[in-house]
Amino acid sequence: MALKSQAGTRAMLDAINGLADNGTLVFYSGAVPGTADAAAGTVLGTLTLGVSAFNPSTGTTTASADLAGTPISVAAGADGTPTYARLLTSGDATIQQYTVGAGQEITFDDYTWVTGGTINLTSLTTTLPVA
């Protein structure tokens, strides 16, 4: 069994997160798909990411990296409650899927979205275990 070093794990996470530079984070309501390969539900909003979407990763037993610039405001494009989000490259290829809610991978200041309202994304942390 191959083992990863702490530095190697952080480098892998930074490479994965680098795919999101100039990409988007799309928020959905509805049932969370069992795979990141097929979206379902209603799109509630989309956040366009900057040239450096994530901060550099840190950690020893688990590498973790936070979305750069949080908190970030998101305009609600539809009414609903977000349940998951998909991180996309600038070419719209899916990189990763996250759960949304209190205590989940993505948190907001309010989970009841109203069309045209502003919601603040308070945290998004992506992780990769060293083992």
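These legends walk through several close-up views of one predicted protein model.

Before you start, here is how to read them: residues are numbered from 1 along each chain as its sequence is written.

**View 1. The whole protein, end to end.**
You're looking at one helix and eight strands. Helices here are DSSP runs of H or I with at least four residues, strands are runs of E with at least two, and both are numbered from the N terminus. Starting from that end, the elements go α-β-β-β-β-β-β-β-β. The C-alpha trace spans about 45 × 30 × 30 Å along its principal axes. With 131 residues, a compact globule would have a radius of gyration near 14 Å, and the protein's 15 Å agrees with that. (That radius is taken over C-alpha atoms, and the globule rule is 2.2 Å times the number of residues to the power 0.38.)

Follow the strands across and you get the order 2-1-5-6, with antiparallel pairing. Two strands count as paired if DSSP finds at least two bridges between them. At the edges sit strand 2 (42-48) and strand 6, each pairing on one side only. From one strand to the next, the twist averages 20 degrees; axes are lines fitted to C-alpha atoms, and angles run from 0 to 180 degrees between N-to-C directions. Zoom in on strands 5 and 6: they run antiparallel and are joined by five bridges. Ala85 stands opposite Tyr98 in strand 6.

**View 2. The loop between strand 5 and strand 6.**
This loop links strand 5 (84-88) to strand 6 (94-99), and Asp92 is found in it. Thr89 has its place in the loop between these strands too. Is Thr89 buried or exposed? Thr89 is buried, with a relative accessible area of 17%; buried means under 20%, exposed over 50%, and partly exposed in between, using a 1.4 Å probe and protein chains only. Leaving aside neighbours within four places in sequence, Thr89 is in contact (heavy atoms within 4.5 Å) with Leu19, Gly23, Thr24 and Ile95. Asp92, on the other hand, counts as exposed at 56% relative accessibility. Its phi is near 70 degrees, a positive value in a residue other than glycine.

**View 3. Asn22 and its positive phi.**
Most residues other than glycine have a negative phi. Asn22 isn't a glycine, yet its phi is positive, at about 65 degrees. You'll find Asn22 in the loop between helix 1 (6-18) and strand 1 (24-29). Asn22 is partly exposed, with a relative accessible area of 45%.

**View 4. A cis peptide bond at Pro71.**
Most peptide bonds are trans. The one from Thr70 to Pro71 is cis, with omega near 5 degrees. Pro71 lies in the loop between strand 3 (62-66) and strand 4 (72-75).

**View 5. Gly18 and Ser64.**
Gly18 has its place in helix 1 and is partly exposed, at 34% relative accessible area. How many residues apart in sequence are Gly18 and Ser64? They are 46 residues apart in sequence, and 13 Å apart in space from C-alpha to C-alpha.

Methods: This is a predicted model: local features need pLDDT of at least 70, side-chain atom pairs count only at pLDDT 80 or more; totals for chains, interfaces and linings use all residues. Side-chain values use heavy atoms; hydrogens and water are left out.
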